[in-house]
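Open the model in your viewer and keep the sequence panel beside it. We will go from one selection to the next.

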Amino acid sequence: MNSPVSTEKDLWVSWDEYHRLIERLALQVYESGWKFDQVLCLARGGVRPGDVFSRIFDVPLAILSTSSYREEAGTKQGDLDISKYMTMTKGPLAGRVLLVDDLADSGVTLRKVSQHLTENYKEVTEVKSAVIWVKGTSSIRPDYFLDDLPHNPWIHQPFEEYDGLRPHQLAAWLKKFEK
């Protein structure tokens, strides 16, 4: 299924493009020479990139839930909530941490989570951030990013199709893929 044409107002990303972008971002981090001990991804947007990074770099994955897009059906940013707990498989968050998210919109999430790590995780020695997209409205520049979007388009990521899908609709949804 083809995506609509991207404009300065809307950036449409297919699954294939999305995966190539994550891989290109991973290559950028690798080529920088910076070594990290753990990946901390921000749920929800950073979960897929974080999973790929954890697998490619063979480092533990930690997940921290944050939320700010709850107003107007998830299209307007509100106050940032940072989860009290982090999910990790073993040991504390420590050493050099790569903080991964999908995008830096206002920059508030990356800034506040970095500050949260510094203040609450004394074993963390260094934090760097990696995102696919940086919007012109972002107050910070992540350490690693692929696309600078000065026009602040709405990014239509491929998984957004699930936002409106409900369990009772799955049978009909799946029929469209049958041949």
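Helices here are DSSP runs of H or I with at least four residues, strands are DSSP runs of E with at least two, and both are numbered from the N terminus. This is a predicted model: local features need pLDDT of at least 70, side-chain atom pairs count only at pLDDT 80 or more, and totals for chains, interfaces and linings use all residues. Residues are numbered from 1 along each chain as its sequence is written, and side-chain values use heavy atoms, leaving out hydrogens and water.

**Whole chain**

Colour by secondary structure. The protein chain has 4 helices and 9 strands. From the N terminus, the order is β-α-β-α-β-β-β-β-α-β-β-β-α.

Now show the surface. Of the 179 residues in the protein chain, 39% are buried. Buried means under 20% relative accessible area, exposed means over 50%, and partly exposed lies in between (1.4 Å probe, protein chains only).

Contacts come next. A contact means heavy atoms within 4.5 Å. Among contacts in the protein chain with a separation of 6 or more, 63% are between residues 24 or more positions apart.

**Stop 1: the strands around β5**

Select residues 95-100, strand β5. Is this strand enclosed or open? Of its 6 residues, 5 are buried, so β5 is largely enclosed by the rest of the structure.

Strands β2 and β5 run parallel, joined by 4 bridges. Two strands pair if DSSP finds at least two bridges between them. Look for Gln-38, which stands opposite Val-97 in β5.

Leu-98 stands opposite Lys-128 in β7. Leu-99 has Ser-129 as its bridge partner.

Strand β6, residues 103-104, also pairs with β7: the sense is parallel, over 2 bridges. Here Ala-104 stands opposite Val-134.

Zoom in on Ser-129 in β7. It is buried, at 7% relative accessibility. Which residues does Ser-129 touch, leaving out those up to four places away in sequence? They are Leu-98, Leu-99, Leu-110, Pro-142, Asp-143 and Tyr-144.

**Stop 2: helix α2 and its ends**

Select residues 47-57, helix α2. Pro-49, Gly-50, Phe-53 and Ser-54 are buried there. Seen down the axis of α2, its buried residues fall within an arc of 135°, so they line one face of the helix. That arc is taken from the directions from the helix axis to the C-beta atoms.

Step back to the loop between β2 and α2, where Arg-44 lies. A cis peptide bond joins Ala-43 and Arg-44, with omega about 20°.

Now go to the other end. Asp-58 follows α2, in the loop between α2 and β3 (61-71). It is not a glycine, yet its phi is positive, about 55°. Asp-58 is exposed, with a relative accessible area of 70%.

Jump to Asn-152, in the loop between β8 (144-149) and β9. This non-glycine residue also has a positive phi of about 55°. Asn-152 is partly exposed, at 31% relative accessible area.

**Stop 3: the aromatic rings**

Show Phe, Tyr and Trp side chains. The whole structure holds 7 aromatic pairs. Rings of Phe, Tyr and Trp (its six-membered ring) pair if their centres lie within 6.5 Å; planes under 30 degrees apart count as stacked, over 60 as edge-to-face and the rest as tilted.

Select Trp-15 and Phe-159. Their pair is tilted: 6.4 Å centre to centre, with 55° between the planes. Trp-15 is in helix α1 (residues 15-32) and Phe-159 in the loop between β9 (154-156) and α4 (170-175), so the pair links parts of the chain 144 residues apart. Trp-15 is partly exposed, at 29% relative accessibility. Phe-159 is buried, with a relative accessible area of 15%.

Tyr-18 is buried, and so is Phe-159.

Next, select Trp-34, Phe-36, Phe-53 and Phe-57. Ring pairs link them into a cluster.

Finish at Trp-173 and Lys-176. The charged end of Lys-176 sits over the ring of Trp-173, 3.5 Å from its centre. A charge sits over a ring if NZ of Lys or CZ of Arg is within 6 Å of the ring centre and within 35 degrees of the ring normal.
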